[in-house]
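Subject: Structure for you to look over

Hello,

I am passing on a structure that you have not worked with before. Please open it alongside this message.

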Amino acid sequence: MFSFLRTFAFALVAVATLAGPAAAEPLKLVLLHLNDWDKMESAGKVASVIAAEKEAAKAEGAFVLVTFGGDLISPSLMSGIDKGAHMIELAEQVGIEYATLGNHEFDLGDEVLKARVAESDFKWISSNVTLDGKPFPGVEGPQIVDMNGYKIGLIGLTTPDTSFLASPGPGVGFADYTEAATTAAGVLKGLGADFIIVLSHGGETLDRGLTRSVKDIDLVLGGHDHLARIVYDGRDMTASSGSQGEFIAKTVIEMDKVEKRGKLSLVWKPSFGLVATAGAIPAAQVQAQVDEYTAALDRELGQVIGSTAVELDTRRAAIRSQETAFGNLVADASRAATGADVGLANGGGIRGDTVYPAGTQLTRKIILTELPFGNSTVKLQLTGAQLRAALEHGVSGLEDGQGRFPQVSGMTYSFDGSKPVGSRIVEVLVAGKPLDDNATYTLSTNDYVGGGGDGYGMFRDAKVLIDGAAGGLEAGQVIDYVLRNGTVSPAVEGRIKRID
Ligand SMILES: [Zn+2]
């Protein structure tokens, strides 16, 4: 009955426009969007939700596009092993058709990204990423998708912050968001686009700036900030699905061309939703693929990645009260990965509670046992005074073996544990020079501590250069550091001295 009425209504529209330009039938377009999905665990559920949505759309004669908003191939333990190839395979299997590049696509270097793009069945699109002034190899410019006579335009964009968030080669450029979008939208309008969608890996501020400053853009499907969000101001829309496949952002656009003063013009209305994947029954075939990858990962975790030339002590009492070689290793690896002046690792983040004798063969499993929280590394900019306050805080819980105790890199400090809390730090040197309270320093630490965890509230006032969503996995950085060096020797060398 309902479909009869709809058909009847459409027929009336067709009659009404007989004398004018040829009318199209109305289009119902269902956009299923996913972003910031770099961990494979949810793939089976994501696949089953997308399949069900496509089935439902088909049943009512709607058209579907499945899009991706960037950050696919990194960071995860598995991508540390296969450079993200498994996520390309899973993205294909869940049905992604168009994707924009995220900053994490550049974590593993240009050559890895070229290989991943080349092996993707779906299309990568970008209007602001270049290599040596030309489009990034295999990545395409603005697209027109014809859907039942309607021309749907698609543009890809990536945050220019990628130049310092990830590891793009020197030839990779990121053009200004608004400029690139304006040019691409102009191209699409020239090709007769009826409705223009941007796949944006830039976060909410850039997304909303786009809809305000580029009038031809109708919808921005976003990513990068890991927010599940839908914003609609009556004219423009932005939507993003959170992260790790927890939700699918579903945007339904019902559009029609109606005659106005002898000209056909587009009218449309949107509806939105976030479809949770948590309760879905995983699609069997995709889940089987995930299980296979998980088994492969488990085998890889036991493989030797290097060895230690010095004893590594991760016993709780040691790691929470004094310099330890393992603490040095973690702080060194995160500092090396971010290029920060100094590194700080909270003792409580190191959990193995064991001693590895000199000569021990290190495996990924050992590193993950020691760093089990899945934290990522952040890079902060702070003053010498803030850094001094952080160290004071770090040595304020000695009596109770608090996890805040700071293992460090790029700096040394001495403290007097007999003094009252708040006046224990005696001397701090950064790169051999006394800490200057008024100078500015960059610091690498994990996102838990950087966000104020373990009582490091002073870090909440620091400027964030790399946030938790953009940073690499702390454990992955330690693994890479060991792989790079083969034998590590993070000897206890006087970085931390207790003088009482
Ligand atoms: Zn991102």
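This is a predicted model: local features need pLDDT of at least 70, side-chain atom pairs count only at pLDDT 80 or more; totals for chains, interfaces and linings use all residues.

Residues are numbered from 1 along each chain as its sequence is written, and side-chain values use heavy atoms, with hydrogens and water left out.

Domains

The chain falls into domain 1 (18–296) and domain 2 (302–498); these bounds come from an automatic or database domain assignment. Taken over C-alpha atoms, the centres of domain 1 and domain 2 are 38 Å apart.

Interface

Eleven residues of domain 1 touch ten residues of domain 2, where contact means heavy atoms within 4.5 Å. About 850 Å² is buried between domain 1 and domain 2, 67% of it on carbon and sulfur atoms. Buried area here is the accessible area (1.4 Å probe) that two parts lose on being put together, summed over both. In domain 1, the residues that lose the most area to domain 2 are Leu77, His104 and Leu165, together 45% of what that side buries.

Between domain 1 and domain 2 there are zero salt bridges (a side-chain nitrogen of Lys or Arg within 4 Å of a carboxyl oxygen of Asp or Glu). Two residue pairs are in polar contact between domain 1 and domain 2, both at pLDDT 80 or more. A polar contact is a pair of N or O atoms within 3.5 Å; within protein, one must be able to donate a hydrogen and the other to accept it, and residues adjacent in sequence count only if both atoms are side-chain atoms.

On the side of domain 1 that touches domain 2, helix H3 (77–82) and helix H6 (162–165) are the elements that give two or more residues. H3 gives the most, with three residues. Helices (H or I, at least four residues) and strands (E, at least two) are DSSP runs, numbered from the N terminus.

Sheet

An open sheet of three strands runs in the order S20-S16-S28, with mixed pairing; two strands pair if DSSP finds at least two bridges between them. Strands S20 (361–363) and S28 (487–488) are at the edges with a single partner strand each, so one side of each has no neighbour in the sheet. Strand S16 (residues 304–308) pairs with S20 in the antiparallel sense over three bridges.

Backbone

The peptide bond from serine 74 to proline 75 is cis, with omega near 0°. Proline 75 sits in the loop between strand S2 (63–68) and H3.

Regards
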